[in-house]
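Subject: Structure handover

Dear colleague,

Here is the structure I said I would pass on.

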Amino acid sequence: MKTFLSKIAYIFLILIIISACKKEYKNPSGANANDVVTTAKGMTGIVVGLQKLYISGRLGVYFNSVSVSGFVTNEILLRNAGNIPELQLFTGGGAVDGTNNILANLWTTSNKIIYDADNVLNNAPGLGDKGYASGLIAYASIFKALALGNLSQCWESIPAGTGQNVSFISRADGFNKAIGVIDNAFAVIAVTPISSGFMSNMPPGIDILNTLNALKARYALFAGNYPLALAAANSVDLTRRSTFNFDALTFNPIFEIATSTNNVFQPTDANLGLTGANVPDPADRRISFYTAVGVNPVVRLAGFGAGLATPIPLYLPGEIILIKAEVYARQAAPDPGNALTELNRVVTKLPTVDIFGVGAALAPITGSLTPAQILPLIYKHRCIELYLSGLKLEDMRRFGLPNSERKRNFFPYPFTERDNNPNTPADPAF
C-alpha cells in the first residue's frame with residue numbers, strides 16, 4: 001500500500017505541470033478516473049498526493065508561500081540575482097508581475113489541491129466504511145483549508161471554485177470558506193470517528209484533530225472572528241506534535257533548495273530582518289534556533305530548514321498561544337491582563353519545554369499595559385516565534401505596519417490565470 005501511495009503521489013505532482021492553466025486537472029489517461037475518485041484506495045492516493053503537492057520542492061505551496069512572504073517582509077536575503085522570480089520579490093513593488101513563477105506555482109498548486117480535495121470531499125461520503133470516509137474527509141479538509149488560506153494571504157481576491165472562467169470571492173470570504181471546510185470535517189468526525197484503518201495508510205506526522213483546530217484558530221483570527229479563534233485555540237493540545245515528515249523520497253524543501261545550496265536565500269541577518277523596537281533581545285534563544293553562524297553569509301538558516309529530514313510543523317504551540325494573546329487584546333471587551341499572561345507564556349518559554357525546542361527563555365514582561373501597548377509586543381514575538389512560516393505578511397497588515405516596511409502588500413494575478421479567465425480582477429497597485 002505504501003509503495004502504491006508514493007507512486008500515486010508523484011503522479012499527482014506531475015499533473016500540475018501539464019494542467020497548470022485551466023484548473024480542470026483531469027487525469028490524462030482517463031480510463032480509471034471514476035475508480036480513482038469513488039474507491040477508498042483511489043481516494044487514499046489522492047489525499048496522500050495532497051500532502052506531496054503541498055510540501056514538495058519548488059512546485060509545492062509551502063516553499064513558495066515561505067519565499068513570497070519572506071522576501072517581501074525582509075525575513076530573507078536573496079543570494080543569487082540570477083534567480084529572476086526571487087529577484088522580483090526581493091526588489092518588490094512594480095518589479096513583481098504576472099510572470100513571476102513563484103507566484104504562479106503558489107497559485108496553480110493551491111488550486112490543484114482544492115480541486116483534488118473537492119473530489120474526495122464529494123465522493124468519500126458514498127463509501128460504506130464511514131470511519132474510513134471520515135479520515136479521508138478530515139485529511140482532505142486540512143489541505144483544502146491550507147490552500148484557501150495561502151491564496152487569501154497573498155491575493156485580494158481568490159477563485160470561488162475550480163473550472164473554466166470561475167468567478168472570484170474576497171480574501172475575507174476565502175478565510176471563512178476555509179473555516180467552513182474545517183467545520184464540515186468536524187461535523188463528519190462527530191458522527192463517525194476516524195478509523196484506525198485509515199490512519200494506518202497515512203504518512204506519519206500529522207495530528208488531524210489538533211491541526212484542524214489550529215488552522216481554524218489561525219483563519220478565524222485572520223478573518224477577525226475573535227470568539228471563534230479563541231475557542232479553537234483553546235481546543236488545541238499543545239503537547240502534541242503535528243508535522244510534515246521527510247524521507248529518502250521526499251526532502252525538506254527549505255533545506256533542499258535554500259539551506260544546502262546557499263544559492264537562493266538565507267536569513268537577512270541575526271535579527272531575522274527586524275528593526276527598531278522589534279529587534280530581538282540578544283539573549284533570545286530563538287535566534288540561535290532559527291539561525292546558525294556561517295561564513296558567507298555570516299548568518300545561515302537553521303531551525304526547520306536544518307536538514308533533509310528535518311520535520312516541518314503545520315503549526316507551532318507558540319502560534320496558538322499568541323493567537324490567544326491577540327484575541328484577548330482585540331476582542332470587543334479587551335482583557336489586557338490575560339493578553340499579557342498569554343504573551344509571557346511565549347516570552348518565558350524554555351526550549352526544553354516547547355515540543356519543537358522553540359523557546360525565548362526571557363524574563364517576563366511586567367507592568368500594567370493597555371491593549372495598545374501589548375499588541376506591538378505580540379507582533380514582535382510573532383515575528384520571532386514564527387520566523388519563516390509564511391505568516392508575516394498577513395501579520396504586518398493586521399497589525400497596521402506601514403506599507404513602507406514591506407516590499408509588496410498584495411500580489412498581481414499570474415498570467416496563467418489572467419490569460420485564461422476573463423473574470424480575473426485588476427492587479428493591486430502595491
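How many aromatic pairs does the structure hold? The structure holds 22 of them, where rings of Phe, Tyr and Trp (its six-membered ring) pair if their centres lie within 6.5 Å, and planes under 30 degrees apart count as stacked, over 60 as edge-to-face and the rest as tilted. One of the pairs is Tyr 219 with Phe 222: the ring centres are 6.1 Å apart and the planes stand at 65 degrees, so this pair is edge-to-face. Both residues belong to helix 10 (residues 208–222), where they are three residues apart, about one turn of the helix. Helices here are DSSP runs (H or I, at least four residues), numbered from the N terminus.

Some background before the rest. This is a predicted model, in which local features need pLDDT of at least 70 and side-chain atom pairs count only at pLDDT 80 or more, while totals for chains, interfaces and linings use all residues. Residues are numbered from 1 along each chain as its sequence is written, and side-chain values use heavy atoms, with hydrogens and water left out.

Confidence

The chain has a mean pLDDT (the predictor's confidence in each residue, from 0 to 100) of 93, with 92% of residues at 70 or more. In residues 1–22 the pLDDT is below 50, and this stretch has 44 contacts (heavy atoms within 4.5 Å) beyond near neighbours in sequence. Residues 25–31 also stay under 50, with eight contacts beyond four places in sequence.

Helix packing

Two packed helices are described by the angle between their axes and the distance between the axes. Axes are lines fitted to C-alpha atoms, for helices over the stretch in contact, and angles run from 0 to 180 degrees between N-to-C directions.

Helix 4 (residues 61–72) and helix 5 (residues 84–91) have axes that come within 7 Å and cross at roughly 40 degrees. That angle makes helix 4 oblique to helix 5 (under 35 degrees is roughly parallel, over 145 roughly antiparallel, 65 to 115 roughly perpendicular, the rest oblique). The crossing is right-handed (the near helix is turned clockwise from the far one by less than a right angle; anticlockwise is left-handed). Val 68, Phe 71 and Val 72 of helix 4 make the contact with Glu 86, Leu 89 and Phe 90 of helix 5.

Helix 14 (residues 317–330) packs with helix 11 (residues 226–234) at about 150 degrees, the axes being 9 Å apart. Helix 11 is therefore roughly antiparallel to helix 14, and the crossing is left-handed. Residues of helix 11 in this contact include Tyr 226 and Leu 230, and those of helix 14 include Ile 320 and Val 327.

The axes of helix 14 and helix 16 (residues 371–385) come within 10 Å and cross at roughly 165 degrees. This makes helix 14 roughly antiparallel to helix 16, and here too the crossing is left-handed. Among the residues that meet are Leu 322 and Glu 326 in helix 14, and Leu 375 and Arg 382 in helix 16.

Ile 365 sits in the loop between helix 15 (336–347) and helix 16. Its C-alpha atom is separated by 7.7 Å from that of Val 347, 18 residues apart along the chain. Not counting residues up to four places away in sequence, Ile 365 touches Leu 340, Leu 343, Asn 344, Val 347, Leu 377 and His 381.

Regards

Key
Helix = DSSP H or I, 4+ residues; strand = E, 2+ residues; numbered from the N terminus.
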